[in-house]
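Here is my note on the model, as numbered points. Please read them with the structure open.

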Amino acid sequence: MKNYDVTLSNLHSRLTKLQVVRHFWECNDVEGAINDLRKLPDQSVQADVISVLVEKMDVLAIDLFAFLLPVLSGLLDGKTERHVKLSLDMLLKLVAVFGPTIRATISTPPSIGVDLHREKRLECYNQCFKELQMIQMIIPILIRHDDRHKCCGSGY
């Protein structure tokens, strides 16, 4: 019975957190939903939302990608196979969509004059690039960890 109460409490907490994110979503505030998601310490809730976003890539723009990267990075560091897989799936899709633009933008020489919009875009793209480089360093560790578990016959 004690385990039931703990499980029920955990599920209720998860539902409440998902309802907060859903509220932002229903108000067409995807940025607010993702920003709130970043603040949640619950990787299960983050994974639930990512699983929805994987199917709704059309709502994501480059600035939302920048907000989402720390969440995806955190899920890669998780101990749950589902979280890692969802994060990798989302990263593959996001890099396929935004990667060429990020690379082209940060490799373009600086323009003459002041262009605040370009500077803001460049800052966002540089932030994404740095986060992706950190994620790129994590992936070999994940592969070795996964290979070790496969050869021993155990899962996550």
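1. Contact here means heavy atoms within 4.5 Å. This is a predicted model: local features need pLDDT of at least 70 and side-chain atom pairs pLDDT 80 or more, while totals for chains, interfaces and linings use all residues. Residues are numbered from 1 along each chain as its sequence is written, and side-chain values use heavy atoms, with hydrogens and water left out.

2. Start with His-83. This residue sits in helix α5 (helices are DSSP runs of H or I, at least four residues, numbered from the N terminus). Its relative accessibility is 6%, so His-83 counts as buried (under 20% relative accessible area is buried, over 50% exposed, in between partly exposed; 1.4 Å probe, protein chains only). Leaving out residues up to four places away in sequence, His-83 touches Gln-43, Ser-44, Ala-47 and Leu-75.

3. Next, the helix pair. The axes of α3 (residues 43–53) and α5 (residues 81–107) come within 10 Å and cross at roughly 35 degrees. Axes are lines fitted to C-alpha atoms over the stretch in contact, with angles from 0 to 180 degrees between N-to-C directions. The crossing is left-handed: by definition, the near helix is turned anticlockwise from the far one by less than a right angle.

4. Which residues of α5 make the contact with α3? They are Arg-82, His-83, Leu-86 and Met-90. The α3 side includes Gln-43, Ala-47 and Ile-50. By class, the contact has five nonpolar, four polar and two charged residues (Ala, Val, Leu, Ile, Met, Phe, Trp, Tyr, Cys and Pro are nonpolar; Asp, Glu, Lys and Arg charged; the others, Gly among them, polar).

5. Met-90 also lies in α5. Its relative accessibility is 0%, so Met-90 is buried. Beyond four places in sequence, Met-90 touches Ile-50, Leu-53, Val-54, Met-57, Leu-60, Leu-68 and Leu-72.

6. Now the largest pocket. Its volume is about 330 Å³. A pocket is an open set of points on a 1 Å grid over the protein atoms alone, where a 1.4 Å probe fits, with protein on both sides within 12 Å along at least five of seven lines; lining residues have an atom within 4 Å of a point. The volume is the space filled by probe spheres set on the points, which are joined across faces, edges and corners. Of 13 lining residues, the closest to the centre are Leu-91, Val-95, Leu-132, Gln-133 and Gln-136. α5 gives the most, with seven.

7. Finally, check Asn-28. Its phi is near 55 degrees, a positive value in a residue other than glycine. Asn-28 lies in the loop between α1 (2–26) and α2 (30–39).

Technical notes:
Helix = DSSP H or I, 4+ residues; strand = E, 2+ residues; numbered from the N terminus.
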